[in-house]
Protein chains: 2
Amino acid sequence: MKKPLILVTNDDGITAPGLRTLVMLMKTLGDVIVVAPDSPQSGMGHAITLDSTLYSKKMKTNTDDTGNEEYSCSGTPADCVKLALQELLDRKPDICVSGINHGSNSSINVIYSGTMSAAIEAGIEGIPAIGFSLCDYNWDADFSHAGSFITKIVTQALTNGIPKGVVLNVNIPKLEKKYLKGIKICRQAKANWKEKFDKRISPMGKDYYWLTGKFELLDKGEDTDEWALANGFISVVPTQFDLTAHHAIQELNSWVFRG
Amino acid sequence: MKKPLILVTNDDGITAPGLRTLVMLMKTLGDVIVVAPDSPQSGMGHAITLDSTLYSKKMKTNTDDTGNEEYSCSGTPADCVKLALQELLDRKPDICVSGINHGSNSSINVIYSGTMSAAIEAGIEGIPAIGFSLCDYNWDADFSHAGSFITKIVTQALTNGIPKGVVLNVNIPKLEKKYLKGIKICRQAKANWKEKFDKRISPMGKDYYWLTGKFELLDKGEDTDEWALANGFISVVPTQFDLTAHHAIQELNSWVFRG
């Protein structure tokens with residue numbers, strides 16, 4: 001049987017330890033091709049490069065790897081997936097995995113996430129896709145407890161497929177393996193960021209701001225990704241790119257648009 | 001009665017004719033504050049500025065306007081809304097309107113849209129929000145047929161509120177006013193872009209790409225935004241930022257995660 005073709009990408013850039021971990025895990029499941037940004041792209045949301053050119057570079061195989069093809073790309077995570085599918089791969093991949101992100105993409109973070117935008121882009125193109133994130137922002141975070149769970153989730157996705165129009169948003173708590181309780185299918189928790197702008201003055205006398213913020217959970221549900229993560233589970237949220245709020249259509253139809 | 005406070009933003013930049021049109025329209029409905037990018041941000045999706053600084057500049061009032069406050073911001077559309085709400089405005093706006101975008105944000109375009117990301121950001125912060133787009137990419141597009149409809153939609157939103165967790169994605173066809181049939185509440189059509197990368201060689205001998213593409217409608221429904229636009233209606237899609245595919249939770253719960 002032909003091995004599955006697995007497209008690996010991320011938003012932290014092609015050298016990120018999270019991506020290198022994911023590549024090693026995916027090699028146990030199939031043939032791996034990497035197309036990932038040449039520099040960090042965190043917080044890029046679903047940005048694409050419209051008014052500028054894209055560069056792509058075929059990389060030398062890393063010495064710790066065994067011969068998979070790798071390309072870096074000057075664009076966003078969504079650009080990487082588009083370029084991979086249209087230009088760089090000679091067949092459609094069986095699955096696209098993005099990550100492992102250094103930092104959480106649970107709850108409202110999914111909206112800002114470059115990791116998830118890459119997965120969603122693949123989903124739009126009809127390819128089963130999963131974004132993986134570890135709730136630890138450190139560059140030298142420990143990914144060792146995540147491996148067996150990631151392999152299980154990807155194996156299930158390759159076996160069962162993923163429902164049409166859906167991509168998976170997987171978040172892994174920062175916990176020692178012995179404390180991990182398993183995998184939980186969840187909904188996205190209601191939350192937002194309470195921003196605070198740190199206002200400073202440049203050496204040239206100009207005001208500028210750094211965006212900082214505090215995460216605010218607005219949801220007490222026990223079926224959410226935040227609950228799962230806080231209680232030792234890996235959260236899996238089925239995520240869609242049909243943004244229609246179907247439940248609101250009827251209410252809006254009662255609006256009066258005269259004349 | 002106190003006039004409503006209306007925050008106006010966009011993704012084409014503070015000088016865009018679409019934004020100037022929206023400002024003039026909103027002045028008939030309330031007090032207007034503009035916080036918009038200092039340069040075009042199309043295709044920025046829900047990007048935010050995490051690893052860099054933000055500048056904001058208070059603008060001189062335009063001569064064609066009558067004294068509303070305006071700020072340009074070096075960041076993305078989502079940054080503009082965050083900065084407006086946390087730093088620049090002294091009270092919570094009653095509504096946030098984004099646009100009028102030069103170009104369509106119907107169907108799958110909502111995912112890539114800076115216009116809609118600004119509206120969604122306001123929605124996340126609990127502010128009623130609407131993105132307006134004209135299906136005409138020209139910088140000197142004719143917005144005159146859109147005015148009365150935009151005013152009606154914003155008036156209804158100020159009167160009735162917008163359902164919680166929902167922002168409105170409004171697209172306006174490029175049509176003479178006499179051919180416009182009215183406003184239709186719709187769902188997001190299934191569609192994607194068939195990308196084509198235009199590969200070129202730089203004067204320095206380096207390969208590079210331009211992203212181009214062709215829009216592919218994959219949906220024959222007559223309740224979609226694409227159908228409405230093609231049939232002379234202004235489309236209004238209630239759009240949500242809870243991306244959970246609730247219908248898929250049950251299927252995923254049947255997956256087997258052994259050991």
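**Note on a predicted two-chain model**

1. The model is a predicted one.

2. In chain A, nine strands form an open sheet with mixed pairing. Their order is β3-β4-β2-β1-β5-β6-β7-β11-β8. The edges are β3 (56–58) and β8 (182–185) of chain A, each of which pairs on one side only. On average, neighbouring strands of this sheet are turned by 20° against each other, direction ignored.

3. Take strand β2 (residues 31–37) of chain A. Six of its seven residues are buried, and the strand is mostly covered. Strand β1 (residues 5–9) of chain A runs parallel to β2(A), and four bridges join the two. A:L5 has A:D31 of β2(A) as its bridge partner. Between β1(A) and β2(A) the chain passes through helix α1 (residues 17–26) of chain A, in a right-handed β-α-β crossover.

4. β2(A) also pairs with strand β4 (residues 69–73) of chain A. This pairing is parallel and has five bridges. Two pairs of residues place it: A:I33 has A:E69 of β4(A) as its bridge partner, and A:V35 stands opposite A:Y71 in β4(A).

5. Is helix α2 (residues 77–88) of chain A enclosed or open? Nine of its twelve residues are buried, so the rest of the structure largely encloses it. The buried residues are A:P77, A:A78, A:D79, A:C80, A:V81, A:K82, A:L83, A:A84 and A:L85. The list includes A:D79 and A:K82.

6. In chain B, look at strand β6 (residues 129–134). Six of its six residues are buried. Side chains in a regular strand alternate between the two faces of the sheet. On one side of β6(B) are B:A129, B:G131 and B:S133; on the other are B:I130, B:F132 and B:L134. Both faces are covered.

7. What flanks β6(B)? Strand β5 (residues 95–102) of chain B runs parallel to β6(B), joined by five bridges. B:V97 has B:I130 as its bridge partner in β6(B). Strand β7 (residues 166–172) of chain B also pairs with β6(B) in the parallel sense, over five bridges. There, B:S133 stands opposite B:N171 in β7(B).

8. The handedness of the two units around β6(B) deserves a check. β5(B), α3(B) and β6(B) make a right-handed β-α-β unit. β6(B), α4(B) and β7(B) make a left-handed one.

9. Which residues touch the most other members of the largest nonpolar core? They are A:I130 and B:I130, in a core of 149 residues. Leaving out residues up to four places away in sequence, B:I130 touches B:V97, B:A119, B:I153, B:V154, B:A157, B:V167, B:L168 and B:V170.

10. On the interface: 63 residues of chain B are in contact with 63 residues of chain A. On the side of chain B that touches chain A, several elements each supply at least two residues, among them α2 (77–88), α4 (147–160), β9 (191–201) and β10 (207–217) of chain B. β11(B) gives the largest share, five residues.

11. On symmetry: chain B superposes on chain A by a rotation of 180° with 0.0 Å of shift along the axis, at RMSD 0.0 Å. The two copies are therefore related as by a two-fold rotation axis. Both copies use the same surface, since 100% of the contact residues of chain B recur in chain A.

Technical notes:
Residues numbered from 1 in each chain as written. Chains lettered and ligands numbered in written order. Predicted model: local features only at pLDDT ≥ 70, side-chain atom pairs only at ≥ 80, totals over all residues. Core = buried A, V, L, I, M, F, W, Y, C linked by C-beta atoms within 7 Å. Buried ≥ 20, exposed ≤ 12 C-beta atoms within 10 Å, placed from the backbone. Contact = placed C-beta atoms within 7 Å. Pairing = 2+ DSSP bridges. Right-handed = clockwise from strand over helix to strand, strands pointing away. Least-squares fit on C-alpha atoms with pLDDT ≥ 70 in both. Axes fitted to C-alpha atoms, helices over the stretch in contact; angles between N-to-C directions.
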